Amino acid sequence: MVFQKPPDGGWGWVIVVVSFFTQFLCYGSPLAVGVLYLEWLDAFGEGKGKTAWVGSLANGIGLLASPVCSICVSSFGARPVAIFSGFMVAGGLMMSSFAPNIYFLYLSYGIVVGLGCGLLYTATVTITCQYFDKRRGLALGLISTGSSVGLFIYAALQRELIDLYGLDGCLLIVGALSLNILACGSLMRPLETSDSPSPEKTCADKVPDQYFVYHEKEKTVEENISILEKGYIDEKCTNNVPDYKQDNILNKNVLSSINVNEKDTYKKKVVEQTNFCKQLAKRKWQLYLNYWKETVVLFKNKVFSALFVAILLFDIGGFPPSLLMEDIARSANISEEDYHVPLISIIGIMTAVGKLVLGILADFKWVNTLYLYVLTLLMMGVALFAIPFASSYLTLAMLSAILGFLTGNWSIFPYVTTKTVGIEKLTHAYGILMFFAGLGNSLGPPIVGWFYDWTQEYDTAFYFSGFCVLLGGFLLLLAALPCWNACTNQSSKLPPNTYSYKVASSA
């Protein structure tokens, strides 16, 4: 497949629109799962930590399986993966409406829906990058707001559907809405051309052609038999010498020589196959070895190691509010008359605002993106510490807005990763970081829920969450201080594409 030059427009804007609605439809329910979380607590009577696994799996499994999702999109293309994943998300949501217990929800909602969302995210990002080059940042920013808008709308929608049709009816209707992903996926036309010449095959791809040559040699042997027989008959006709003994001897000699040649050729084929398998295994093993060597080199970078710890602790402590904020309001005995807008909806819309504002700030040359990211972590830790002191809807709404805005630091995280390791190692490093981000997403809500089951209040849980986020922010700040480079004299040894962290003059 030979891709055309990214058009930076045209059908690419259709791709942006359908990718936006794809993320809107697939991530709307999992991100707004806090509304369903309350219903599952009442329906199954399980502990908060045990029930929180459903939502945490739905949001974390896609990041944990990001390498598998990338392989699927690379192998089959964005459109087939999007259509298949649409069936997964819709089917998982509909299956969840028939869940007899919480363990069934782990599979139907947590794993099936979560994996489908991960595949859809990878497909939308991949095909958008194929259609855009110069405007890639704008295009990715637009489609990423689809999940935040979905969180804002689905929080209120799922609550209204539960009031009208119950929990089971809500999941059935939301699952039916997710079938619109199939229409969006069908519009993800791959960017390719059949007019350009196909690229040259690699050495591994050329090997099977050798076997075709061998088969052609076998065919020429049979043709040689017919040619020899024909030539001999013609010679007999011209000489008119009917010697049957000589004919039999000649045929036996020809057939025996052919059998010897076939055996030699077969032995050569076996040797070629064996050598090819050995070389292929050696090459694959070398690739895996190089991968782990590069991973070790990445973790020798103190800023990357601190970033790895920070993203893990950030997701352990920062993700639970988006899942548990509704239950926090119910635990604070806030009356429904004061409950104007769902707190999860506030988090969703402010996350979209945060992504745009922080992304714009990161483009200014005088802004140090690493210190900006650290600032968001420290502010989020303080906001998490303030949750136990909130006793009214207004204060919880303000904290939800602050937490949602600061969660928008996901938009500058790729900037920070690029500046830390360089553009050449971005894919490798980002994959590792996203895996641990998914691990944090999966562990955070159950840990907070277990704290509640243990203490019967959320205060200790959010003190723990705030401590985790603050710890990650302080570790990252310490690792990025320019005094380390002065002490170790390593600033001159940094790769050309690695960012040297120095305090900006106006930061």
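Start by selecting Phe 299, Phe 304, Phe 308, Phe 435 and Phe 436, which ring pairs link into a cluster. Rings of Phe, Tyr and Trp (its six-membered ring) pair if their centres lie within 6.5 Å; planes under 30 degrees apart count as stacked, over 60 as edge-to-face and the rest as tilted.

This is a predicted model, where local features need pLDDT of at least 70 and side-chain atom pairs count only at pLDDT 80 or more, while totals for chains, interfaces and linings use all residues. Residues are numbered from 1 along each chain as its sequence is written, and side-chain values use heavy atoms, with hydrogens and water left out.

**The whole protein**

Zoom out. The protein has 19 helices and zero strands. Both are DSSP runs, numbered from the N terminus: helices are H or I with at least four residues, strands E with at least two. Of the 507 residues, 45% count as buried. Buried means under 20% relative accessible area, exposed over 50%, and partly exposed in between (1.4 Å probe, protein chains only).

The whole structure holds 19 aromatic pairs. Select Phe 20 and Phe 21. Their ring centres are 5.4 Å apart and their planes stand at 90 degrees, so this pair is edge-to-face. Phe 21 is partly exposed, with a relative accessible area of 40%.

Next, pick Phe 451 and Trp 454. Here the centres are 6.3 Å apart and the planes at 45 degrees, so the pair is tilted. Both residues lie in helix α17 (residues 426-455), three residues apart, about one turn of the helix. Trp 454 is exposed, at 67% relative accessible area.

**Charges over rings**

Show Arg 189 and Trp 11. The charged end of Arg 189 sits over the ring of Trp 11, 4.2 Å from its centre. The test is NZ of Lys or CZ of Arg within 6 Å of the ring centre and within 35 degrees of the ring normal. Now go to Lys 48. Its charged end sits over the ring of Tyr 452, 4.6 Å from the centre.

**Salt bridges**

Lys 48 lies in helix α3 (residues 48-64) and Asp 327 in helix α12, so the pair ties together parts that are 279 residues apart in sequence. Both Lys 48 and Asp 327 are buried.

Which residues join them in one network? Salt bridges that share partners connect Asp 42, Lys 48, Asp 327 and Arg 330. Select Arg 330 and Asp 42: their side chains meet in a salt bridge (3.4 Å, N to O). Arg 330 is partly exposed, at 40% relative accessible area, and Asp 42 is exposed, at 54%.

Another stop is Lys 50, which bridges to Glu 46 at 3.5 Å between the closest N and O atoms. The whole structure has five salt bridges.

**Two helices to finish**

Find Ala 306 in helix α11 (residues 302-318). Ala 306 is buried, with a relative accessible area of 9%. Beyond residues up to four places away in sequence, Ala 306 touches Leu 475, Leu 476 and Ala 479; touching means heavy atoms within 4.5 Å.

Last, select helix α5, residues 78-96. Its end C-alpha atoms are 26 Å apart, which agrees with the 27 Å that 19 residues should span at 1.5 Å a residue. That expected span is 1.5 Å times one less than the number of residues. Among the buried residues of α5 are Ala 78, Val 81 and Leu 93.

Methods:
Salt bridge = Lys/Arg side-chain N within 4 Å of Asp/Glu carboxyl O.
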